[in-house]
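Please keep the viewer open as you go.

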Amino acid sequence: MRRIAVIPGDGIGPEVTAEALRTLRAVAPDLEFDVLDHVNADRYLATGTALSDDDFARVASCDGALLGAVGDPRVTSPDYARDVLLRLRFELDLYINHRPAQLLHDRLSPLRDQGRRPIDCTVVRENTEGPYVGVGGALRVGTPHETAIDTEVSTYRGVRRAMEFAFARATRSVCLVDKANAVPHNGTLWQRCFREAAALRPDLPTRHLYVDAAVMLLVQDPTAFDVIVANNAHGDVLSDLTAQLAGGPGTAASANLNPQTGYALCEPVHGSAPDLAGTGRANPLAAVLSAALLLDCAGRAEQAERIRTAVRTVVRDLRCTADIGGSLTTSGAGAAVRDALHGE
Ligand code: NAD
Ligand code: IPM
Ligand code: MN
């Protein structure tokens with residue numbers, strides 16, 4: 001992997017992506033970047049599309065991509081996310097959304113019981129199906145009888161490949177999270193695929209939880225979890241929860257992956273945080289750790305680990321932004337990571 005497309009996006013996206021890029025340049029000077037700063041809400045509002053077909057081809061022709069965040073309070077239509085982020089996930093067939101959560105420092109855990117703090121788990125989120133497929137419609141809009149239909153779609157192929165990834169990643173256990181007690185057809189297919197994948201890894205303990213129970217147990221004792229596999233919508237919600245348990249939105253990274261093609265689009269779990277945009281208060285570590293995930297996906301584990309070690313050092317020393325106990329600005333926190341890289 002040498003050429004990386006970069007979509008800074010909206011809100012704090014450009015601010016945190018700048019720090020991730022500087023960090024990447026410091027640890028992997030041979031990488032080349034194709035920066036698409038025009039893919040944002042301004043363009044969407046002006047033209048009705050933010051990611052043109054040419055832009056899509058540019059991103060697809062790179063070996064991987066780094067994205068800041070897309071989303072803007074001026075845009076209320078869900079079509080915008082579909083135009084950029086969901087289009088990239090769907091058309092590049094990035095069927096895994098890999099969202100690891102690892103506590104960076106004991107201080108950052110919201111849990112009182114110290115023994116239950118050191119969360120180190122991964123949400124494996126199916127990323128191309130579920131209710132995100134956009135199949136449905138609306139009837140009698142604007143009347144008292146308005147009816148909205150969004151269909152949840154799971155395919156054997158789609159669920160099986162998510163399971164394969166989940167079981168290959170796991171070292172301690174795999175937990176299937178679903179809502180099979182209320183959403184029967186999807187539930188049956190997910191449980192079949194879970195059983196089939198589990199049969200190939202009899203050494204690995206497995207567990208099944210309904211999503212409502214799963215969120216309670218995750219807060220009660222996150223150390224009980226290793227890999228959590230879930231559909232697109234449940235995985236979205238669960239990964240914000242694990243992000244918060246591991247240090248908050250400013251620290252959570254993710255990789256949208258196709259293990260077959262090797263393409264990876266890495267991005268913070270968080271969004272464009274309009275409340276922080278332009279204030280210099282956004283934490284760049286989620287973006288920096290997303291850059292580390294991109295290096296992992298590029299087979300550059302050593303460079304990725306250098307970044308993670310530097311991040312752990314700055315968090316320990318409180319050389320970070322206010323959301324995780326420091327007092328630095330976005331660019332100050334990015335500079336601290338690069339200092340830590342050099343001081344290792
Ligand atoms: P958000 O993640 O942007 O913000 C939620 C909370 O987390 C806010 O309080 C924010 O201040 C805080 N936060 C987020 N990033 C932070 C950081 N780096 N440092 C410190 N605090 C941080 O979620 P939202 O408010 O629901 O969404 C805002 C916009 O972003 C919406 O348009 C949404 O659709 C979009 N969004 C995009 C992505 C993406 O591009 N992958 C992900 C989630 C949301
Ligand atoms: C995420 C985001 C997106 C999602 C939105 C912006 C469509 O919340 O990447 O987690 O739900 O997948
Ligand atoms: Mn989300």
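1. Some ground rules come first. Helices (H or I, at least four residues) and strands (E, at least two) are DSSP runs, numbered from the N terminus. Glu302 is found in helix H10. This is a predicted model, in which local features need pLDDT of at least 70 and side-chain atom pairs count only at pLDDT 80 or more, while totals for chains, interfaces and linings use all residues. Residues are numbered from 1 along each chain as its sequence is written, and chains are lettered from A and ligands numbered from 1 in the order in which they are written.

2. Staying with Glu302, is this residue buried or exposed? A residue is buried if 20 or more other C-beta atoms lie within 10 Å of its own, exposed if 12 or fewer, and partly exposed in between, with C-beta atoms placed from the backbone. Glu302 is exposed, because 9 other C-beta atoms lie within 10 Å. Its C-alpha atom and that of Asn256, 46 residues apart along the chain, are separated by 21 Å.

3. Now for the overall layout. The protein is divided into domain 1 (1–95 + 249–344) and domain 2 (110–245); these bounds come from an automatic or database domain assignment. Taken over C-alpha atoms, the centres of domain 1 and domain 2 are 24 Å apart. Their contact takes 13 residues from domain 1 and 12 residues from domain 2, where two residues are in contact if their C-beta atoms, placed from the backbone, lie within 7 Å.

4. Which elements give two or more residues to the side of domain 1 that touches domain 2? They are helix H4 (79–91) and strand S11 (253–257), and H4 gives the most, with four residues. The residues on this side divide into eight nonpolar, two polar and three charged. In this count Ala, Val, Leu, Ile, Met, Phe, Trp, Tyr, Cys and Pro are nonpolar, Asp, Glu, Lys and Arg are charged, and the others, Gly among them, are polar.

5. For "domain: Isopropylmalate dehydrogenase-like", an unreviewed UniProt entry lists residues 3–337; positions are given in the numbering used here, feature names are shortened, and annotations may be inferred rather than shown by experiment. Over residues 3–337 the chain is 40% helix and 19% strand, and the end C-alpha atoms are 23 Å apart.

6. Next, the ligands. Ligand 1 is surrounded by 21 residues, the closest being Gly71, Gly250, His270, Gly271 and Asn283; a residue is near a molecule or strand if its C-beta atom, placed from the backbone, lies within 6 Å of it. This shell holds 12 nonpolar, six polar and three charged residues. Around ligand 2 sit Gly71, Ala81, Leu85, Asp236 and Val269, a set of three nonpolar, one polar and one charged.

7. Helix H5 (residues 156–169) is worth a look. Its 14 residues reach 20 Å from the first C-alpha to the last, close to the 20 Å expected at 1.5 Å a residue; the expected span is 1.5 Å times one less than the number of residues. Gly158, Val159, Arg161, Ala162, Met163, Phe165, Ala166 and Phe167 are the buried residues of H5. Those residues pack against strand S4 (96–102), strand S5 (120–126), strand S8 (174–178), helix H6 (184–199) and strand S10 (227–230).

8. Asn127 is found in the loop between S5 and S6. The residue counts as buried because 27 other C-beta atoms lie within 10 Å. Not counting residues up to four places away in sequence, Asn127 touches Arg89, Leu94, Tyr95, Ile96, Asn97, Asn232 and Asn256. Asn127 and Leu139 are 12 residues apart in sequence and 28 Å apart in space, C-alpha to C-alpha.

9. Two backbone angles to check, please. Arg140 has a phi near 50°, a positive value in a residue other than glycine. Arg140 is found in the loop between strand S6 (136–139) and strand S7 (147–150), and is exposed, with 9 other C-beta atoms within 10 Å. Leu318, also not a glycine, has a positive phi of about 60°. Leu318 is in the loop between helix H10 (301–316) and helix H11 (330–342), and counts as partly exposed, with 14 C-beta neighbours inside 10 Å.

10. Finally, Asp317 lies in the loop between H10 and H11. With 12 C-beta neighbours inside 10 Å, Asp317 counts as exposed. The C-alpha atoms of Asp317 and Ala340, 23 residues apart along the chain, are separated by 10 Å.
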